[in-house]
Amino acid sequence: MLAPASRPPGSLAARGFRVLLSPRSRLSVLALLLLTAAALVVLYEPQRLLAPGRTPRADGADAVLLFGLAYGVCTAAFVPRPVLNLAAGALFGSAAGLTGAVAGTVLGAGISFTLGRYLGQDALRPLVRGRWLTAADGQLSRHGFRSMLAIRLFPGVPFAAANYCAAVSRMRYVPFLVATGLGTVPNTAAYVVAGAQAGSPGSPAFLLPAGFIVVSGLVAAVVAWRKRHGLRAPVPVPDAVPEPEPAGAVR
């Protein structure tokens, strides 16, 4: 009888390693991380930190740095940014609070972008089909900086959704992070100043940023309403190029 062919040592471990690193396995890990983060947010309700008496003023560069790090992690875990921005103003005042909030925003966006790029891009890119998805992917891939800057300037697009859409596209890191840092300053500043002046809600210092938040939200809604017509427009089909006739063909 012929002896069964022996398998090369380590082949089972190698196959298991390839399975663990497959696009679907990495996407499953990403989905598990996101579901866990969302469940923690629902369970612990971070918005309770804004209750009266829960946000004493803090100072010092170390406190701002720690807040920025915590902000980034919380943002990647789906904690709403308005809550964190209001807390930044209540804790540190306008200037230091804005610094910590913008730094935390860029950090959180970078964490989400990295997770989406390395755990989800390979599995999700083949699913980018349809007019809307194809148009959004092409815009982010070809005009990454200006597209992300526009998304950040106008509120209405969920922060986490923009991060993961950019990660699935072919946008590069540097344009994504720079556009995020610049584009989130106006809206973030409005929330931080409102948080810093929350103790006097009738003052102009509170009413002006609150009004900016409302107006910017309305502008974003109008822009989204107008852009939807462009996305629904039919994609032009290029004219067919006639095939060259073979040499010596009789007309």
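Buried means under 20% relative accessible area. Keep that cut-off at hand for the tour. The model is predicted.

**Whole chain**

Start with a cartoon view. The protein has 12 helices and zero strands. Read from the N terminus, the elements run α-α-α-α-α-α-α-α-α-α-α-α. Of the 251 residues, 32% count as buried. Switch to a surface. The protein exposes about 15,800 Å², and carbon and sulfur atoms supply 71% of that area.

**Stop 1: Ser-112**

Select Ser-112, in helix 5 (residues 94–119). Is Ser-112 buried or exposed? Its relative accessibility is 1%, so Ser-112 counts as buried. Show what surrounds the residue. Leaving out residues up to four places away in sequence, Ser-112 touches Ala-76, Asn-163 and Tyr-164. Both Asn-163 and Tyr-164 are among the buried residues of helix 9. Follow them there.

**Stop 2: helix 9**

Select residues 159–168, which make up helix 9. Why is this helix described as largely enclosed by the rest of the structure? Because eight of its 10 residues are buried. Colour them: Phe-159, Ala-160, Ala-162, Asn-163, Tyr-164, Ala-166, Ala-167 and Val-168.

Then pick Cys-165. With a relative accessible area of 46%, Cys-165 is partly exposed.

**Stop 3**

Move on to helix 10, residues 173–183. In this helix, Pro-175, Phe-176, Ala-179, Thr-180, Gly-181 and Gly-183 are buried. What covers them? The cover includes helix 5, helix 8 (144–153), helix 9 and helix 11.

Next, select Thr-184. Thr-184 sits in the loop between helix 10 and helix 11 (185–196). Its relative accessible area is 3%, so Thr-184 is buried. Draw a distance from its side chain to the backbone oxygen of Thr-180: the value is 2.7 Å. Thr-180 is itself one of the buried residues of helix 10. Now look beyond the neighbours within four places in sequence. There, Thr-184 is in contact with Arg-81, Thr-105 and Arg-152.

**Stop 3: helix 3 and the nonpolar patch**

Go to helix 3, residues 61–76. Which residues make the nonpolar surface patch? Leu-65, Leu-66, Leu-69 and Leu-107 do, and the patch is about 380 Å². Helix 3 supplies the largest share, three residues. Pick out Leu-69, which is found in helix 3. At a relative accessible area of 44%, Leu-69 is partly exposed. Patch residues need over 30% relative accessible area, among other conditions.

Step to Ala-70, also found in helix 3. Ala-70 counts as partly exposed because its relative accessibility is 38%. Draw a line from the C-alpha of Ala-70 to that of Ala-101. These two residues are 31 apart along the chain, and their C-alpha atoms are separated by 10.0 Å.

**Stop 4: Phe-78**

Continue past helix 3 to Phe-78. Where is Phe-78 found? It lies in the loop between helix 3 and helix 4 (81–92). Check the backbone torsions here. Phe-78 is not a glycine, yet its phi is positive, about 75°. With a relative accessible area of 29%, Phe-78 is partly exposed.

**Stop 5: Leu-27**

End in helix 2 (residues 23–44), where Leu-27 lies. Leu-27 is partly exposed, with a relative accessible area of 26%. Leu-27 and Asp-122 are 95 residues apart in sequence and 8.5 Å apart in space. Then show what touches Leu-27. Leaving aside neighbours within four places in sequence, Leu-27 is in contact with Leu-119, Gly-120, Ala-123 and Leu-124. Helix 5, where the stops began with Ser-112, covers residues 94–119.

Note on methods:
Residues are numbered from 1 along each chain as its sequence is written. This is a predicted model: local features need pLDDT of at least 70, side-chain atom pairs count only at pLDDT 80 or more; totals for chains, interfaces and linings use all residues. Side-chain values use heavy atoms; hydrogens and water are left out. Patches are made of residues with over 30% relative accessible area and no salt bridge: like charges are joined within 9 Å, nonpolar side chains (Val, Leu, Ile, Met, Phe, Trp, Tyr) within 5 Å. Accessible areas come from the Shrake-Rupley method with a 1.4 Å probe; for residues, only the protein chains shown count as cover. A salt bridge is a side-chain nitrogen of Lys or Arg within 4 Å of a carboxyl oxygen of Asp or Glu. Helices (H or I, at least four residues) and strands (E, at least two) are DSSP runs, numbered from the N terminus. Buried means under 20% relative accessible area, exposed over 50%, partly exposed in between (1.4 Å probe, protein chains only). A polar contact is a pair of N or O atoms within 3.5 Å; within protein, one must be able to donate a hydrogen and the other to accept it, and residues adjacent in sequence count only if both atoms are side-chain atoms. Contact means heavy atoms within 4.5 Å.
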